[in-house]
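The exercises below are meant to be worked through with the sequence and the model side by side. Try each task before reading its solution.

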Amino acid sequence: MFNFLKGVVSGSGTGLKDLPYNIGEPYSSAWGSWIHYRGTSKDDGTPVSIFSLSGNSTNDGHLVAGRNGVKRLRTVRHPNILSFLHSTEAENFDGSTTKVTIYIVTEPVMPLSEKLKELGLKGTQRDEYYAWGLHRIAQAVSFLNNDCKLVHGNVCLASVIVTQTLDWKLHAFDVLSEFDGHNESSVGPMLQYDWLIGAQYKSTELLKSDWTTIRRSPPWSIDSWGLGCLIYELFCGTKLSTTEDLRNTASIPKSLLPDYQRLLSSMPPRRLNSSKLLENSEYFQNKLVETIQFMEILNLKDSVEKDTFFRKLPNLAEQLPREIVLKKLLPLLASALEFGSAAAPSLTALLKMGSWLSTDEFSVKVLPTIIRLFASNDRSIRVGLLQHIDQYGESLSAKIVDEQVYAHVATGFSDTSAFLRELTLKSMLVLAPKLSHRTISGSLLKYLSKLQVDEEPAIRTNTTILLGNIAGYLNEGTRKRVLINALTVRALRDTFAPARAAGIMALSATSSYYDVTQIATRILPNIVVFTIDPDSDVQSKAFQAVDEFLQLVKQHHEKTSTGDTSTTSMGTSSISGNASLLGWAMSSLTLKGGKSSEQGPYAPASSSMPLTSAVPDSSSIADRSSIAPIHVSSSIDMTDQPVPVSPTSNDGWGELENGIQEGLDGDKDGWDDIEPQEEPKPSPFLANIQAAQRRPVSQPKPQVTGLRGSITPKVSKNEDEELWGSVPASAPAPAQPSTSRASRIVDDDDPWGAIASPAPSSKPLNVKKSEALDDNDPWAAIAAPVPTTKARLSVGRGRGNKPTVPKLGAHKINRTSSGM
């Protein structure tokens, strides 16, 4: 039973062989008789610190005091006191003698004296760091004296260690004892192990062992004296040798000197309490202390204070000691951002601090926090991440982007905020090269298809620019299916002049992906019409693009003439201007709250586009609609240019914003069925008039036809495609399809048939009839309608129905129809 209790008090292990830690190299200094080792965990290699104390017998005085230190360290917990992890006691037999060793495992720390030499701080930065460290130790001493009524007994430079985040912590609890000054019956030494304290660190009453005076004094009197010894050793840079050396105040800062003298008062009751030192000392009022204190109580601050603090932090961080910023402030800031207590402006400070790290350190200390922030629902955080993606995007691996980051970023494509949609679009310049082909084809291109018909003209323009930039990351099948449709059918028909200019530039920059057939039949016919575009910048780019593509066709002709048919792709390395696509300034069209003009001048890459609202010029839009090609035959594309199978069933490019067909077959990918962007459809009669005006006037017929001419048969879609191939037809906008079985066909040879008088009602179209109007009777169109026989059958109630005598108009129509 005694051995069991001894094990509980003395340690938490059974021996060195059971210690789950590896003991490494020792440090050059440690408090008292302890040896301070570096160590690691046997499980995961986590760094730790291991302290060992050896004695010749279990009753050795140092071992007894060491067991007291282990017990106190396990039970006393405070942020500024060394954190206990594990302890054990082992016995080693060496011949006839027995050696007993106590092991304490703690968080990884380093002796303060060695850390100060390693940092090498000087001037203001040194004083600020010393102030922060003394502030931490004073808090620990105040906790022991005022809250726990304990006396440490040996506060000095050796009893202070430094963590990996450069925090100072107090340890060496071997002498730690309760303060029993209120117990009048207490006799004998209050500090049982005071013999471990060096004489130079003892106050006058402790040196004389005047326990009566000590018990009558405040609990902090002994440790306040120790704080004075620590300040002396800290600023003098040497170990205290005698008590008289404390009178040498030449190296003590003037702002700290009055408090230093009060700490070392010869009268114990008049010594300065460590809590008062924290509250009133002018020395602790500096930028570093205030910054770290603000970060540690961030949850107690309101939003205005947080916003003000984080906006000043990037500039403030440059004035603070760089090592402390990276090892102390940066982890605090990353933790605050991750758990939501930091405001969005703190992201700027985090990335600025992260820029001072090496690539490996950035990947370990900053990048995990950024990846987790992408899942945040805070819109301001998402905006900040996207605005600064160029600072950390290169550090993101392709696997992380494809599996963790992209899914969260893609939510911005459909955000209600146009500014966030555009930032998401721009971020793809950095993220798209790291995405897999499956993600690009199955997700990204669908979003870009919708953004190309976005209500914001700047977003439509930037979508076209992005397509030109990421074309190299698409597989060959996707490029054939996407680029021409997206850049001609969508971009070149945009009402926004910069969007049309961007489409022309994108075609030029991606010209190496088109064969000569595509250039001659689909690209050149679409670009040539923009040489007379209302916008001068679009015109100039169209002329340049026409020259470039004609040059490519000529080069192909020359190769074909010489018999060189080694490749069908058209290279553009010899054509100037295409490489400038990657230098497009996408920020020139950034939305700041107002919509850009639909007919505003195109902003070049080196300029910034004015962000003023304007009403589109209707005449310009009308001109553009008459110039742009009307139709791209989808069946010709399917026949002449086979489309590879897409990884997904539908990547959405063929789904127009105003008419998305949800009932498409699953095996269609949607790219081949793309149609020109729909414009307001005229009425059927106005469409007929426009069609008649565009057709050449033929020799008029000697007679006027009715509404339902039957001379010219309707040409089927397949026959039309066989006649015109892939040349875009200049047909009018298609009219709304009729659901009636008897559809009206306009006589294409009669220029006046389109403006004939309209039918009195459309209801007869839904009735199945075998009769047709007499084309020779000009009055047949206004004849009385055929009587409805079904209604009369329902009224008769089974009594028998007599045949109804048709009226004159109806009788005449029947007779004429029977004679036809």
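**Exercise 1.** With which residue does R67 form a salt bridge, and how far apart are the closest N and O atoms?

Solution. The partner of R67 is E89, and their closest N and O atoms are 2.8 Å apart, where a salt bridge is a side-chain nitrogen of Lys or Arg within 4 Å of a carboxyl oxygen of Asp or Glu. Helices (H or I, at least four residues) and strands (E, at least two) are DSSP runs, numbered from the N terminus. Finally, both R67 and E89 are buried, buried being under 20% relative accessible area, exposed over 50%, and partly exposed in between (1.4 Å probe, protein chains only).

The model is predicted, local features need pLDDT of at least 70 and side-chain atom pairs pLDDT 80 or more, whereas totals for chains, interfaces and linings use all residues. Residues are numbered from 1 along each chain as its sequence is written, and side-chain values use heavy atoms, with hydrogens and water left out.

**Exercise 2.** Where do R382 and D415 lie, and are they buried or exposed?

Solution. Begin with the salt bridge between R382 and D415, in which the closest N and O atoms are 3.8 Å apart. R382 belongs to helix α16 (residues 379–387), while D415 sits in the loop between α18 (398–409) and α19, so that the pair links parts 33 residues apart in sequence. R382 is buried at a relative accessible area of 17%, and D415 is likewise buried, at 10%.

**Exercise 3.** How many residues separate E323 and K327 in helix α12?

Solution. These two residues of helix α12 (residues 322–338) are 4 residues apart, which means a separation of about one helical turn. E323 and K327 form a salt bridge whose closest N and O atoms are 3.0 Å apart. As for accessibility, E323 is partly exposed at 32%, and K327 is partly exposed at 22%.

**Exercise 4.** Which strand is joined to strand β2 by 6 bridges?

Solution. Strand β2 (residues 35–41) is joined to β3 in an antiparallel arrangement, two strands being paired if DSSP finds at least two bridges between them. Within this pairing, H36 has F51 of β3 as its bridge partner. β3 also pairs with strand β5 (residues 97–106), in the antiparallel sense over 7 bridges, and there I50 stands opposite V105. Lastly, 7 of the 9 residues of β3 (residues 47–55) are buried, so this strand is largely enclosed by the rest of the structure.
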